[in-house]
Amino acid sequence: MTQKITAAITAVGGFLPEDKLTNADLEKIVDTNDEWIRSRTGIEERRILKGQKGTSDLITPAVEQLLKKRGISPLEIDAMVIGTVTPDMMFPSTANLVCHKAGLKNAFGFDLLAACSGFLYALTTGASLIESGRYKKVIVAGGDKMSSIVDYSDRTTCIIFGDGAAAVLLEANTEGYGVQDSILRSDGSGCAHLHMKAGGSLRPASAETVANKEHFIYQEGQPVFKAAVKGMADVSAELLERNNLTGDDIAWLVPHQANKRIIDATADRIGLSHDKVMLNIQRYGNTTAGTIPLCLYDWESKLKKGDNIVLAAFGGGFTWGATLVKWGY
Ligand code: UT7
C-alpha cells in the first residue's frame, strides 16, 4: 500500500526591513494619535523598506535564511509560490525574480494574488504540489511592500500597513505532519470595500489616475471589519468542527494581523485562550501576505513537533480561509 504524502513545514525564514515607522512618526504626518491607533488596531510601529527596492528584496533574504537553516542547496527546490499584492512589477512574477536572486535554478515559480489571504492560498497550493507526489520541496512565501501602495495622507489606511515577508519550506512527509486541511473562500462583491482603483487592465496608469491617487489602497474600514470578524471566526470554527477538534486540541492560533479586535473575536469564537494566539501586530502592523508566516517565524522556537495550529486570514477580494497544520519539527 502506498503511504499518503503530506506537506510538512520543515523550516521558516523571515525578513523585516530595519527602518521603523512609529505611531509618534505618524502623528507628525496625519491627524492621528498613539492612543487611537493602539486602542483601535493594537499597532505601535511598522517596518518600512526604503530605497528603490521591491517585494523580491523582502522575500529573497527570507528564502536564503530558510535554506541555510535547513542546510540544503537552492538547487534542491522544485517550486516556489508567492502570495503578494505588491509584486516588483506587473510581470514577470516576483517568484520568477526571487528564484533568480536566490539561485533556485531548478524551480519554477509563480505569484498568487489573494491579498491578506495570500499566504493561506499559496500554502494550500504549495501543499497540493507536494501531495500530488510530483514535487518534493516547495517554498511558499508571503510578503508585501505595503508602503508602496499606501497613501500617507490618508489616516484611515496609513496607520495600519507595514512591510515584511517570510517563507516556509514544504517537504514531502509520510508520517502525517504538515498541512491537514484547509477551507478557502472568496466573494468578489467585497471588491467594493477594499481595492486599488488603477494600474490594472481596467484602468491603466495615466496622468489622471496618478492625480486622483488611484494607485493607493482604497478601504472602507467598517464593512471590511464586520466581514472580517464574521468570516475569519466562521471559517476557523468550521475547520475545527469538520476535523473533530475543539479549542483544547489547538496549540496556537496563527491569525492574519489586521486588527487586534478581529483576532480576539476569532479566538473567542473557537474557545481559545488569548495566550495561545500569536500576535505581533504591535511591532509590524499589517504586512498583508506577510503576517502569518512572520508569526511562524517569530514563534518558531516555541512550536513543538505534533502541535496542531490553525492559520486564519481575511482580506481584500474578499478572500478568507483557515488551514490546519500539524507542526513537524
Ligand atoms: O487586512 C486587510 C483587511 N483589512 C482589515 O481587516 C481592516 C478592517 N477595519 C479596521 O481594522 C477598522 O475599521 C479601522 C482600523 C480601519 C478603523 O477603525 P474603526 O474603529 O472602524 O474606525 P471608523 O472608521 O469607524 O472611524 C471612527 C472615527 C471616525 O471619526 P468620526 O467620524 O467618528 O468623527 C474616523 O474619522 O475615527 C476616525 N479615525 C481616526 N482618528 C484618529 C479614522 N482613522 C483615524 C486615525 N486617527 N488614524
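Residues are numbered from 1 along each chain as its sequence is written, and side-chain values use heavy atoms, with hydrogens and water left out. Because the model is predicted, local features need pLDDT of at least 70 and side-chain atom pairs count only at pLDDT 80 or more, while totals for chains, interfaces and linings use all residues.

User: How many salt bridges does the structure hold?

Analyst: Side chains of opposite charge can pair when their charged atoms come close. A salt bridge is defined here as a side-chain nitrogen of Lys or Arg within 4 Å of a carboxyl oxygen of Asp or Glu. By that definition, the number of salt bridges in the structure is 19.

User: How many residues apart in sequence are the parts that Asp57 and Lys101 tie together?

Analyst: Asp57 and Lys101 form a salt bridge, with their closest N and O atoms 3.1 Å apart. Helices (H or I, at least four residues) and strands (E, at least two) are DSSP runs, numbered from the N terminus. Asp57 belongs to helix α3 (residues 56-70) and Lys101 to helix α4 (residues 94-101), so the parts tied together by this pair are separated in sequence by 44 residues.

User: Is Glu300, which meets Lys69 in a salt bridge, buried or exposed?

Analyst: The salt bridge between Glu300 and Lys69 has an N to O distance of 2.7 Å. This pair links distant parts of the chain, 231 residues apart: Glu300 is in the loop between α11 (291-299) and β12 (308-315), and Lys69 is in helix α3. Buried means under 20% relative accessible area, exposed over 50%, and partly exposed in between (1.4 Å probe, protein chains only). Lys69 is partly exposed at 42%, whereas Glu300, at 17% relative accessibility, counts as buried.

User: Which residue has a side chain joined to that of Glu171 by a polar contact of 2.7 Å?

Analyst: Glu171 is placed in strand β7 (residues 163-173), and at 10% relative accessibility it counts as buried. A polar contact is a pair of N or O atoms within 3.5 Å; within protein, one must be able to donate a hydrogen and the other to accept it, and residues adjacent in sequence count only if both atoms are side-chain atoms. The partner of Glu171 in the 2.7 Å contact is Thr10.

User: Within what arc do the buried residues of α9 fall?

Analyst: In helix α9 (residues 260-269), the residues Ile262, Ile263, Thr266 and Ala267 are buried. The arc is that of the directions from the helix axis to the C-beta atoms. Seen down the axis, the buried residues of α9 line one face of the helix, because they fall within an arc of 135 degrees.

User: What is the span of α8 from its first C-alpha to its last?

Analyst: Helix α8 (221-242) is among the elements that cover the buried residues of α9. The expected span of a helix is 1.5 Å times one less than its number of residues. For the 22 residues of α8 the expected value is 32 Å, and the span in the model is close to it, at 31 Å.

User: Which backbone nitrogen does the side chain of Thr84 reach at 3.1 Å?

Analyst: Thr84 is found in the loop between β4 and α4, and at 3% relative accessibility it counts as buried. Contact means heavy atoms within 4.5 Å; not counting residues up to four places away in sequence, Thr84 touches several residues, including Thr55, Asp111 and Ala289. At 3.1 Å, the side chain of Thr84 reaches the backbone nitrogen of Thr86.
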